[in-house]
Amino acid sequence: MYSKTRKTALPFFLATLVMLAGCAPVISSEVRKDVDPDVRFEELLAGPEGHTGKTVLLGGTILKVETLADKTVMEVLQKPLKTNLRPVDQAEKSLGRFLLAFDGFRDPTLYTPGSDITAVGTVTGSETRQIGDHTYDYPVISPVEDHLWQTRRSWPDLHLGIGVGTTF
């Protein structure tokens, strides 16, 4: 009787571990505890200097990556975050843009325009840049921790054939 229970419990235990691993947060709990929940993106956009030194959790889609001698700067289109901290799919939900200013080098072949990113960082101020003929004041965030999301597929793989097939 004991061995039958043991045989049944082991697969259940392993399946539970796999499910819990899939639910692990993409930003560590140590870093998330420092986030100031009172800083909303609208307020940050309106006056970054008033929030200098505060820790924020932001996400969105990378628009541009600049590699400089001592840092990498990413222009990000802000998007609200889902409960798993992934930015939502719809660009129309964006409230604006911000800059992530990483110390050191981030490879632009990994951090590509169109990729989603979630980051926790410290507000360091603002930077004014041009978007076409428009002057835009970007909040600047110095990331403490980030997560680069895998690119979404527009549709699932389709497999055809019996034995030998093809993938579209």
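Guide: A residue is called buried here when its relative accessible area is under 20%. The model above is predicted.

Visitor: What percentage of the residues in the protein chain is buried?

Guide: The protein chain has 168 residues. Its accessible surface comes to about 10,800 Å², with 57% of that belonging to carbon and sulfur atoms. Counted by residue, the buried share of the protein chain is 33%.

Visitor: Which pattern of helices and strands does the protein chain follow along the sequence?

Guide: There are 3 helices and 7 strands in the protein chain. Read along the sequence, they give the pattern α-α-α-β-β-β-β-β-β-β.

Visitor: In what sense do strands β2 and β3 pair, parallel or antiparallel?

Guide: Strand β2 covers residues 71-78, and strand β3 covers residues 97-103. Glu 75 has Leu 99 of β3 as its bridge partner. Over 7 bridges, the pairing of β2 and β3 is antiparallel.

Visitor: Which residue in β5 is the bridge partner of Leu 99?

Guide: Strand β5 spans residues 134-148 and is joined to β3 by 2 bridges, the two strands running parallel. Of the 7 residues in β3, 5 are buried. The partner of Leu 99 in β5 is Val 140.

Visitor: Which element gives the most residues to the largest nonpolar core?

Guide: The largest nonpolar core has 17 residues, and those with the most contacts inside it include Leu 44, Leu 58, Met 74 and Phe 98. At least two residues of this core come from each of α3, β1, β2, β3 and β4. With 4 residues, the element that gives the most is β1.

Visitor: How many residues are in the second, separate core?

Guide: Among the members of this second core are Val 73, Leu 99, Ala 101 and Tyr 138. Leu 99 is also the bridge partner of Glu 75. The number of residues in the second core is 6.

Visitor: Is Thr 72 buried or exposed?

Guide: Thr 72 lies in strand β2. Beyond four places in sequence, Thr 72 is in contact with residues including Val 65, Leu 100, Phe 102 and Phe 105. Because its relative accessibility is 0%, Thr 72 counts as buried.

Visitor: The side chain of Thr 72 reaches the backbone nitrogen of which residue?

Guide: The Thr 72 side chain reaches the backbone oxygen of Gly 104 at 3.0 Å. Gly 104 and Arg 106 are both among the contacts of Thr 72. At 2.9 Å, the backbone nitrogen reached by the side chain of Thr 72 is that of Arg 106.

Definitions and conventions
Residues are numbered from 1 along each chain as its sequence is written. This is a predicted model: local features need pLDDT of at least 70, side-chain atom pairs count only at pLDDT 80 or more; totals for chains, interfaces and linings use all residues. Side-chain values use heavy atoms; hydrogens and water are left out. Buried means under 20% relative accessible area, exposed over 50%, partly exposed in between (1.4 Å probe, protein chains only). Two strands pair if DSSP finds at least two bridges between them. Accessible areas come from the Shrake-Rupley method with a 1.4 Å probe; for residues, only the protein chains shown count as cover. A nonpolar core is a set of buried Ala, Val, Leu, Ile, Met, Phe, Trp, Tyr and Cys residues joined through side-chain atoms within 4.5 Å. A polar contact is a pair of N or O atoms within 3.5 Å; within protein, one must be able to donate a hydrogen and the other to accept it, and residues adjacent in sequence count only if both atoms are side-chain atoms. Contact means heavy atoms within 4.5 Å.
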